[in-house]
Every structure is written in C-alpha cells, then in structure tokens.
Amino acid sequence: MEIYRHACPRNCFSTCGMLSYIEDGKLVKVSGDAKHGYNQGRLCAKGYAYTQYVYNPYRLKHPIRQTPRGSGNWKRITWEEAYDCIADKILELNERYGSNLASGYNKFSGNIGLLHYAVEGMFNSIGPHTKPVGNPCLITGEQAMRKSFGQMNRMMPEKMAEMNAIVIWGANPAVTNVHQMKFILQARQKGAKLIVIDPIFTRTAATADIFIQINPGTDRWLALGVAKLLIESNMYDEEFVRNQTVNWEEFHQYVTEQVDLHEVCRETGISLDVLCELLSIYSMPKPCATWIGFGIQRNENGGQNISAINTLAMLGCQSGQENRCVYYSHSGIDDFPVNLLNHEGPVHPIVQHSREIDINNFAENASKLVEPPLKFLWIALRNPLSQDQDFQAWESLMKELELIVTVDLFMTKTAEMSDLVLPAASHFEEMDVNVSYWHHWLSINEKAISPYYEAKSDLQIARELMEKLNERFPGFSNFPSEREPIDWIREELTPSVKKLYSIESIDDLLESPRLRGEEGKNLSSSAFKFRLFSEENTDTSTYSMNREKTDVEESYPFQLLTPQSLLKIHSQYEAMPWLNQGAEQAVVELSEYAAEKRGILEGDKVELFNPNGKIAAIARISRFLPQKVILVNQAGKNPINRLIAHKPQENPGKSSMNFYDSSVNIRKWCETNG
Ligand SMILES: Nc1nc2c(c(=O)[nH]1)N[C@H]1C(S)=C(S)[C@@H](COP(=O)(O)OP(=O)(O)OC[C@H]3O[C@@H](n4cnc5c(=O)[nH]c(N)nc54)[C@H](O)[C@@H]3O)O[C@H]1N2
Ligand SMILES: Nc1nc2c(c(=O)[nH]1)N[C@H]1C(S)=C(S)[C@@H](COP(=O)(O)OP(=O)(O)OC[C@H]3O[C@@H](n4cnc5c(=O)[nH]c(N)nc54)[C@H](O)[C@@H]3O)O[C@H]1N2
Ligand code: SF4
Ligand SMILES: [Mo]
C-alpha cells in the first residue's frame, strides 16, 4: 500500500492534514495526518467519506454539452471539442468587440488550494476581461477587524486551550469547525467557562456553560451594554485606553450618553442579570478568548457589531493585552506570492484594466454591462444557483450569455444551466499546496491517483485551453502552459516562506506539514493604537429592532437564518449516501409561536415565501427558536437562496453578503397558493 500526504481543500476552518492509502492505483482509505498539529490525526465525517466522494457514481466523468441549455439533453464530447468550442467563442468575441471584456468568470470556494488560482491566472493571461471582486463570506468582518486593529491578527487557535473563558459570538464550531472543539474542551477541563451568544440553540450552545440567546443583528447593543458596565464599575484598563486607543474620549462620551441599559435589554432580548454575568467574564484578570464567528457579519449591522465586540474584548480583562485574545480569521495566503492569482497578462492597446464586478451582486451587475456586454461566462469552484443570492438576476443574465461553461466534479444546479460542463479532478488527483484562514499550518497536497475518468484539475484545464488558444492565435495568451504544478509550488516557497516555516524545500513538506514560525503575535504591538467603537458612517436608524417596520417586513415577519450544516460544505457532499440522503424533502424549523399563528403542526407540508419566490418544506416545530426566526439548511434540490435577494451593498467588494437579513412568511402548503 502506498501512502500520500494531502490537505483537505474545502472552504473550512480546518484545512486538515490528511493521508491517503492507495492500493493498485485506487484510493481505499483516508485518515487524518497525525503530524498535523491542528487536526492531530483526525478528520470530520466529510473527510472520512472521501473514498465515497472520489468514486461517487454521480461524479462527472467526461466533458459534456447540453443543447439547448437547460433541456437536460446532454451529449458526451471530447476535451478537444470542448476546447475548440470555448476557443472559438473567446476568439470570436475578441474579434467582435476588440477586446476580451465580453469574456469573464465567476469563481469562489470549491477548493481553496493555492493552485486553484489557475482560474484567475488563465483569465489574466488573455489581458483585460470581466472578473468578480469581493467575497460573499467573510469580508465585512475582515474590514471591521482591520478598522479596529489596523490589521488582521494572527491568533493561534491551539492557544484557546489555555484560556480561562471563551466567549463565542456567532460561530457554531461543533458544526463548522469540529477540530476547534478539542481545544475548547481542553480549556474547559482546566476550568474555563464557555459562553455562546447566538439566536439559535446550536450544537455548540448545547455544550456551553452559559447560552445567551440574542436577537439576531443586535450584538452591538450587548457588547456596548457590557462595556458600559465595565466603565461604570471601573473595571477597565485605564492605561490601555489612555495610551493605546485613538478615540477614548469620544467613545466614553458615546457610551455614557447614548447607551441605555434598558434599551440594550429590549433590543437584544437579554436580561440585565445576563449582562452582569458577561461583565464578570470580561473583567476577569485572566486570559479570555473572544471568538467572533462569521455568522455575526451576515446582516447589515455586521461590521458595527464586530467593532463593538472588539471594543469590549479590549477594554476588559484587566491584566494586560496578552490576555485579550480576539479570534476571527487570518489571511494565511498573505505570506505567499500567489503567482497564479497575480499573473500579469498582456497589455491591451486601448483597454487598460479588467472590468470588475462585485461578486455579491454579480448577476445583476453583469447584466448591466455594455460595450461590450458579457457574453461568455466561465464558472468554476462555485455553485451560484445554490449559494448566491438573487436567482432571478442569474436567470436573466443567463439568457443573455452566449456560452456558459461550468467546471465541477458534480452536476450542480449551476452546471444544469450551462452549455458545457467540464469534469474537475479531486484533490487526490492533482498536486497543490495549502494554508488555512484559521490555523497556521502549511501542507503539501500530493497527487496520489490518476484522475477519475477524464477529469482534470483547474490548472491542467487552464494549461491546455490556453495552449489551444495560442495554436489558433499565436500570442493570444501568455499563460506558461509548459509549467508543471510542482514548478508553481516551488515558486510559492520563496526564501521568506521557507524561513517562516523552517523548510528547505518541498521535501520537508512531504515529511510533515509545518507550522508558521513567527507565532501569532498578539493584537497590539506598542506602535499600535486601537480604534474603539464609533458610529461614524452609519445610518443609526437601521440599528433599532424597535424602529418602524417597512412594508416588506410587515408582510414577511420572519427572519430567515440559513447557517452551515454539519455534513455538507454549502452545496457539496449532497450526493454522498454516507452523509446525506440526497432526495430528502427540505425541512424548515419554526418556533411554537409561528406554528400557532399559522396553524401549522409538526410534519405539515408548508411553504416559505416572499417576493422572490416560494419553497416547499416539511415543518419542524422547535421550542428553542426565537419567535420570529425561521431556520433552514442551505442547498438541496430547491435551494433556499431562491428567497434571498438583497439590495446592492454600499461598498462593492468590501462587504459580505447579508444572507441572514432575509425576511419570509410561512403558511401551510396549498397547490393553489400564488
Ligand atoms: N443562504 C445562505 N447562502 C450562503 C451562505 C449562508 O450562510 N446562507 N454562506 C455563504 C458562504 S459562507 C460561502 S463560503 C458560499 C460558498 O459558495 P460556493 O463556493 O459557491 O459553494 P459550494 O456549494 O461549496 O460550491 C463549490 C463548488 O465547487 C465544486 N468544486 C470542488 N472542488 C473543485 C475543484 O477542484 N474545481 C472545480 N472547478 N470545482 C470544484 C464543488 O463541487 C461545488 O459545486 O456560500 C454562501 N451562501
Ligand atoms: N460542516 C460545515 N463546516 C463549515 C461550512 C459548511 O458549510 N459546513 N462552511 C465553512 C464556511 S465557508 C464558513 S464561512 C464557516 C462559517 O462558520 P461560522 O463562523 O460558525 O458561521 P455560520 O455558520 O455562518 O453562523 C454561526 C452562527 O451564527 C449565528 N448567528 C446568526 N446571526 C447572528 C447574530 O446576529 N448574532 C449572533 N451572535 N449570532 C448570529 C447563527 O445562528 C449560527 O449558529 O463554516 C465553515 N465550515
Ligand atoms: S471538511 Fe474541514 S474538518 Fe472535514 S476533513 Fe475537510 S478540512 Fe477537515
Ligand atoms: Mo464561507
């Protein structure tokens, strides 16, 4: 049996080190890599199911073409035919419009290995084109962290084990970050308290000492309320605020004059006793971790809520900065040149830059493009017709597109609406190098097996397609098609990366994943000045839960929360019987209050609806849900995101999607309902 080293490339906190066991060229088993200090030899259920993922009967085997689009009339074609068809379109559009701006892509998080920036590299290599910017997932929080701290911090997640208290605001690690639970448990075994602040009684909440059920979107009030108590009881660090913050006077005045504790309790739905409980945690002169989850920034107050939590975390814990540990995420790739992403393409005589569109409002903005319109769309590592918002805009964009190509391992909702679908390789079938946005380990991903049928990695596809274009039109692309994956990886391991990770070459990574050497510096170095919460640039009227409701909110009184599921990564893993029985009917959880108001009983077929559409589901009535919250899983056969459509956000490319700001109504299912 041969054994190879891998990194799980899913968009997941853990980026687990993994070993594959190969017999006669076949993947027979996977295990966690014991040399990886974060996952320490373990995987999650999705990780252990990789043998079923790789040889899944639903995996795409060959390039296929559908005529007409959406008909389900698929025919197998060769890679040659696929490349010819795509090259024809790119060249024809270039001829028609005088540049490649009519060609573009939408890419996100299917595989977060560094060589998957091949998609960006491929498009860069043909000169100016149309590309997405921004990030639907975590950028609001990233902006808020940079505003507070001047930078993204580098907290070591393993250090959570040494904390005296862990306060989790809007994360659900028992589902989304299972390996972190081990470090939390270690802390608890030494006596640490775990506090979970969430509107939903989650699996993580179920393990906590204190669960604080907060009204969604109101964390700012809670954080400021506790900060006020800290200040009033003189339990804050005066020296810190005097020397290391930029706006203490202003903040002090704001808290004194504007933050009213009764209002805090009303907005958040939390009693004063609970605020005092949090005060005792944050005033402890001992290490305390504040973990800001991604869930907290999926509403329009997200950035402000995070800024308020950062402020509370920094004011509290009197015994010095090293005790103030704020966890969010870090930018693991910043140490690397990421040459594929930053590949410089040829200069165009007239068009200077690529056209950028916010990934969060991609379809609508892409539809509006003129001179030239967008005509060819490449979709890779992404399933927008399950995971994006505003399906109506996608549907009208697709009508205008002359060619849609989707590269995926499975026939997704998006692939179903494409002209060509190209089969992607799994991470066991290609080489890569991986870092995490949570821990600080660097891993190599070896190629262990040949690609499944005719599947190819995104990099291989880029190499071959660009070569084809150059055969047809010499010099059209400057993509270095001759370069092998290992060459790209070698280039990522620059002298400074080697020093940081104490390696001499790739061989060291083949021996073991490596921890980044310069350990998580705490947030504040002496030069740094912290920015306390301030209300600048915001429309305060949006904050109050008690403000006047808009007409839409009156008609659709329930807030739709759609967080992540344990046995899926977004829309992935649905076709895997070990994890999910794919054909299941969607389930909606509603409160006893909502059930009573709408005459709904457990197990009833119901429909969720709003102006964007309706979704059928089976009702589950929960004693634990807040009255006006409705909980639904993502993805499935009829993805819930059909009901999510948001107004364009203020800062294109600078905020995440407000997925949890959607409002819906619910009623018993009736065939004749409009
Ligand atoms: N309602 C709601 N919607 C949400 C969220 C929410 O909380 N609620 N969360 C949002 C968040 S946080 C995120 S990160 C996004 C995720 O949005 P997406 O990244 O669009 O989500 P996935 O469903 O993971 O789709 C990734 C696709 O890439 C494919 N893939 C995997 N590996 C490869 C590969 O090597 N090559 C290629 N070409 N394809 C590959 C997978 O099979 C899958 O179809 O969803 C967002 N959508
Ligand atoms: N199993 C699994 N793991 C995953 C993923 C997956 O799809 N499946 N996806 C990965 C990705 S891409 C991401 S982004 C992460 C996300 O992982 P997390 O950081 O855990 O974020 P979410 O799951 O979006 O939301 C976490 C919690 O926030 C709560 N929440 C919602 N609104 C509020 C609020 O206003 N205040 C407070 N205090 N809480 C609120 C939700 O109820 C939810 O329980 O998970 C990653 N890990
Ligand atoms: S999905 Fe996440 S936890 Fe599971 S094996 Fe992959 S990286 Fe690890
Ligand atoms: Mo995400």
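In strand S23, alanine 619 is the residue that stands opposite valine 588. This pair belongs to a predicted model, in which local features need pLDDT of at least 70 and side-chain atom pairs count only at pLDDT 80 or more, while totals for chains, interfaces and linings use all residues; side-chain values use heavy atoms, with hydrogens and water left out. Residues are numbered from 1 along each chain as its sequence is written, chains are lettered from A and ligands numbered from 1 in the order in which they are written.

- Strands (E, at least two residues) and helices (H or I, at least four residues) are DSSP runs, numbered from the N terminus.
- Two strands pair if DSSP finds at least two bridges between them.
- A barrel is closed by 6 strands in the order S20-S24-S21-S23-S22-S25, with mixed pairing.
- On average, neighbouring strands of this sheet are turned by 45 degrees against each other, direction ignored; axes here are lines fitted to C-alpha atoms, for helices over the stretch in contact, and angles run from 0 to 180 degrees between N-to-C directions.
- Strand S21, residues 587-591, pairs with S23 in the parallel sense over 5 bridges, and valine 587 stands opposite isoleucine 618 in S23.
- Strand S22, residues 605-610, pairs with S23 in the antiparallel sense over 6 bridges.
- The bridge partner of valine 606 in S23 is alanine 617.
- S22 and S23 form a hairpin, with 2 residues between them.
- In a regular strand, the side chains alternate between the two faces of the sheet.

**Serine 622**

- Serine 622 is located in strand S23, which covers residues 613-622.
- Is serine 622 buried or exposed? Serine 622 is buried, at a relative accessible area of 9%; buried means under 20%, exposed over 50% and partly exposed in between, with a 1.4 Å probe and protein chains only.
- Apart from neighbours within four places in sequence, serine 622 is in contact with Glu589, Leu590, Ser591 and Glu592, where contact means heavy atoms within 4.5 Å.
- The side chain of serine 622 also reaches the backbone nitrogen of leucine 625, at 3.3 Å. Such a polar contact is a pair of N or O atoms within 3.5 Å; within protein, one must be able to donate a hydrogen and the other to accept it, and residues adjacent in sequence count only if both atoms are side-chain atoms.

**The open sheet and its surroundings**

- An open sheet is formed by 5 strands in the order S10-S9-S8-S11-S12, and the pairing is parallel.
- Strand S10 (210-213) and strand S12 (324-327) stand at the edges, each with a single partner strand, so one side of each has no neighbour in the sheet.
- Neighbouring strands of this sheet are turned by 15 degrees against each other on average, direction ignored.
- Strand S11 (residues 288-292) pairs with S12 in the parallel sense over 4 bridges, and alanine 289 stands opposite cysteine 325 in S12.
- Helix H9 (residues 219-232) lies across strand S8 (165-169), strand S9 (193-198) and S10, running at about 145 degrees to S8.

**Asparagine 243**

- Asparagine 243 is found in helix H10, residues 238-244, and is partly exposed, with a relative accessible area of 40%.
- Asparagine 243 and phenylalanine 530 are 287 residues apart in sequence, and 9.5 Å apart in space from C-alpha to C-alpha.

**Ligand 1**

- Around ligand 1 there are 32 residues, of which Ser109, Asp408, Asp458, Ser571 and Asn641 come nearest; a residue is near a molecule or strand if one of its heavy atoms lies within 4 Å of it.
- An N or O atom in the side chain of arginine 10 is 3.3 Å from a nitrogen atom of ligand 1.
- Oxygen atoms of ligand 1 lie 2.7 Å from a polar side-chain atom of arginine 382 and 3.1 Å from one of tyrosine 660.
- Ligand 1 taken alone exposes 920 Å², and the protein buries 98% of that; accessible areas come from the Shrake-Rupley method with a 1.4 Å probe, and for residues only the protein chains shown count as cover.

**Ligand 2**

- Ligand 2 is surrounded by 32 residues, the closest being Asp198, Gly217, Asp219, Lys568 and Tyr660.
- Helix H6 (173-176) and S9 each supply at least two residues of the shell around ligand 2.
- A nitrogen atom of ligand 2 is 3.0 Å from a polar backbone atom of isoleucine 197.
- The protein covers 99% of the 910 Å² of accessible area that ligand 2 has on its own.
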